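Subject: Structure for you to look at

Hello,

Here is the structure I said I would pass on. Please open it and keep it beside this message while you read.

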Amino acid sequence: MPDAALEGISVVELGQGVSAPYCARLFADYGADVVKVEAPESGDVTRCWGPFPGDVPHLEKSGLFHFLNTNKRGVTLDVAAAAGREILFRLLERADVLIENNLPMQMRDLGLDYAALEGVNRNLVVVSITPFGQTGPYSEWKGYDLNAFHLSGASHRYCGLPGQAPLEHGTFSADFYGAAAAATWGLAATMGRERVGGGQHVDVSCAEAIATTFVGAHNIGAYAQDGVYERRTGVGMRLSAPATILPCKDGHVWMLAIEPGQWKGLVEVIGNPEWARVEMFEDMFVRGQNADIIYPLLEEWTLQHDKLEIMERCQAAGCPATAVTTVEEAAEHPHLRERGYVLEVEHPELGRTLSLAPPFKLTGSPTAPPAPAPLLGQHNDDVYGDRLGMRDDALARLRADGIL
Amino acid sequence: MENARPLEGIRVANFGWVWAGPVLGQTLAFLGAEVYKIESRARIDMMRTLPPFDGGVRDPNRSLSNHACWASNGSVSLDLKKPEAVELALELVATCDVVAENFVPGVMEGFGLGYAKLCEVKPDIVMFSMPTAGLTGPLRDIRSYGLSLTGTTGLDSFVGYVDGPPIPMEQAFADPFNGLLGGFAVLAALRHRDRTGRGQHVDYSQQEAVMQLVGPAFMDYAMNGRSATPMGNRHPLAAAAPHGVFPCAGDDRWISIAVAEEGEWQGLVRAMDDPEWARAAEFVGLEQRVRNIGSLHERLAAWTLGFDDRALAERLQGEGVAAAPVMNVADLLEDPHYRARGTFIEVRHPLGFKETIYGAYVKTSRFEADVRPGPAIGQDNEHVFKELLGVSDARYRRLVDEKVIY
């Protein structure tokens, strides 16, 4: 789309897994030209992760790969070989942004550390997304999403039962979080190149992004001042109540009423029981201190009602409670269909498959319907031939040598 | 580093409140934008009431949480229930590039600050709206905090222990995530404005943005009709085993270990001194390890139990295994890695006390983020109203007396 917001920004992605691909997808979703570089033969590791239709593994049928790589062009290249690196440099000479998530030592071994990349293109913004970052003692460590998330303090502080293992979200939350931070800072660095005097290295540690903006936000000032810290309780936010997930007749609900009007609304919805009319419970903090008393009483009520009914009645009364929806319920919700968020994408190997639209709507610069993720090496001829002007015989030789 | 920052020259009026709005403003401010929170003593932002307080003194200008979350935002105070306050807000908007807000749809219109009105005073304004479920659709009027928001995305339905009920994330992960990603939306709209001369109204549904994290599970539903259930710390797509958190010596100490590749498994086996159980057929090859992950995790937990978490992480890393300590809040401040990166910093608040907040949560090589302490209510009133908007001393005093500026 000629009017897309990021039209004209040229991005090269050299990453696999979730963080760098998702960050690059954000650029692609809003109009940037993204070339994804994958290893020949095997490609991005998420091609092997699935989920696959019928659980039958197939390099071109991974749902996660499909989700993370829409709107990109894909090429194969062995960047560990000198000839491959040379071609990568040619791509980077005319690119605005490189998004990568290799470990710092891997990039050094490949001859792709920031000093080398800056030498290729001084205006290049290099966005590196790693579990631990480019500096500090753990920068040489190996890590995955799991390790980054648990290094952030998020799980120990906020998720799990006391005495039992702290929990991740059941998704790649550190990778997604780091990708979001990287997209914002990377785009700012790109837009501000004239002002700051060129490209630069943007160093995102997924663990650090969560340790600061999520965990540190509400805990670090208190610990620095008072020397005490809190940990997960398994029963929701302690500061006030209700602020937890409770079972109901057909599943679970998020019971949440913090501000005075919200609590008042909830009390009405549950029929003004005597216990809830106790005056001291009007104070959100007092309710928090008495959560152990309040939750069983509330649960007696929630167990008699369905989650959607609870959500509707609470919302109507100004109380921000919600149903804990399953993936299916979220996927089938009319709201998300009507907004075009849950949509179908046509893929050459998968056929028509449900997917999720980009995360936000730029109403003044709409984007085209998502193009499917690239097949392995699908755009080699486009990118190497048309963009770099490489001749057919040169391409054939590189193919024979296993470089492409 | 004395370099200019990338967003210098961009001015933002931030009507956002509680948490997602602040992190958005903070992000743009770290990057060099001039950001003013529009708030009022007439309705104190809940974040300012959260304990603990500096020195234990309960005061809306002393909430430590607020100062971290709002750091680098400025503050002007206007009671928007008063017409003259709305006029002043519009005068400020006329000098701005961006207006951000995270109310329920319709609240800004109710103030007389809807998108159409903003365009009258600043035709190319970028208005960034971040309600729970977007500006359109049947759920548009839904209210949530970040805590209950995730319930509507499917995400909460698979957080918990295997075969157990959903376990709540006890703080709103959605809020700062949306603050960070919202920054990307604002910048994209600004780039579009720079190239076309046209502003726009960004429709940012917090629900949809957070539901991106459900993507992996969503695709399994799309392809196989399955809805994920609580999976503990297992790999979301069962592509690694072991993949979990295991107990270590000490009070509530744990280590995370993730093994995806065969070489990593061999490294783990070496680190364990090649125990016989690890050679059993049920643990040979990733497929078998994934199938028997329950018993694999039990055996591994029995081994990790006696070790110091950090020492064990070092040892496993030495064998090429992805392992790291599970940190508690105290560790964040004291850990050598975060110290080396300057992750948390001490600043002096405008009211005189020292406090610890987080610094630039992304490191950049060509500029230094503009990290300033959280604002006192109305700390930028004189600068904004007198210098930017040219309000006379006499009128300013009257506006303060009449609690328009309040």
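**Domains**

In chain B, the C-alpha centres of domain 1 and domain 2 lie 44 Å apart. Please keep in mind that this is a predicted model. Domain 1 of chain B is made of residues 11-204 and 340-401, and domain 2 of residues 243-247 and 254-325.

Chain A is also divided into two domains: domain 1 covers 10-212 and 340-400, while domain 2 covers 243-324. For chain A, the C-alpha centres of the two domains are 42 Å apart.

**Where the chains meet**

The contact between the chains takes 127 residues from chain A and 129 residues from chain B. On the chain B side, the largest share comes from H7(B), with 12 residues. By class, the chain B side that touches chain A has 76 nonpolar, 37 polar and 16 charged residues.

Helix H7 of chain B (residues 174-196) meets helix H8 of chain A (residues 173-191): their axes come within 8 Å and cross at roughly 30°. Angles under 35 degrees count as roughly parallel, so H8(A) is roughly parallel to H7(B). The crossing of these two helices is left-handed. Residues of H8(A) in this contact include A:Tyr177, A:Thr184, A:Leu187 and A:Met191, and those of H7(B) include B:Phe177, B:Phe184, B:Leu187 and B:Arg191. Sorted by class, the contact of H8(A) with H7(B) has 13 nonpolar, 2 polar and 1 charged residues.

The chains also pair through strands. Look for A:Asp203, which stands opposite B:Lys363 in E12(B).

**A sheet in chain A**

Chain A has an open sheet of 3 strands in the order E7-E8-E9, with antiparallel pairing. Its edge strands are E7 (243-248) and E9 (322-323), each of which pairs on one side only. As a reminder, strands of a sheet pair through backbone hydrogen bonds.

E7(A) pairs with strand E8 of chain A (residues 251-256) in the antiparallel sense over 6 bridges. Within this pairing, A:Pro247 has A:His252 of E8(A) as its bridge partner.

Which helices of chain A touch this sheet? Helix H13 (residues 291-302) lies across E7 and E8 of chain A, at about 40° to E7(A). Helix H14 of chain A (residues 307-316) packs on the sheet and touches E7, E8 and E9, and its direction makes about 20° with that of E8(A).

Regards

How values were computed. Residues are numbered from 1 along each chain as its sequence is written. Chains are lettered from A and ligands numbered from 1 in the order in which they are written. This is a predicted model: local features need pLDDT of at least 70, side-chain atom pairs count only at pLDDT 80 or more; totals for chains, interfaces and linings use all residues. Axes are lines fitted to C-alpha atoms, for helices over the stretch in contact, and angles run from 0 to 180 degrees between N-to-C directions. Helices (H or I, at least four residues) and strands (E, at least two) are DSSP runs, numbered from the N terminus. Angles under 35 degrees count as roughly parallel, over 145 as roughly antiparallel, 65 to 115 as roughly perpendicular and the rest as oblique. A crossing is left-handed if the near helix is turned anticlockwise from the far one by less than a right angle, and right-handed if clockwise. Two residues are in contact if their C-beta atoms, placed from the backbone, lie within 7 Å. Ala, Val, Leu, Ile, Met, Phe, Trp, Tyr, Cys and Pro count as nonpolar, Asp, Glu, Lys and Arg as charged, and the others, Gly among them, as polar. Two strands pair if DSSP finds at least two bridges between them. Domain bounds come from an automatic or database domain assignment.
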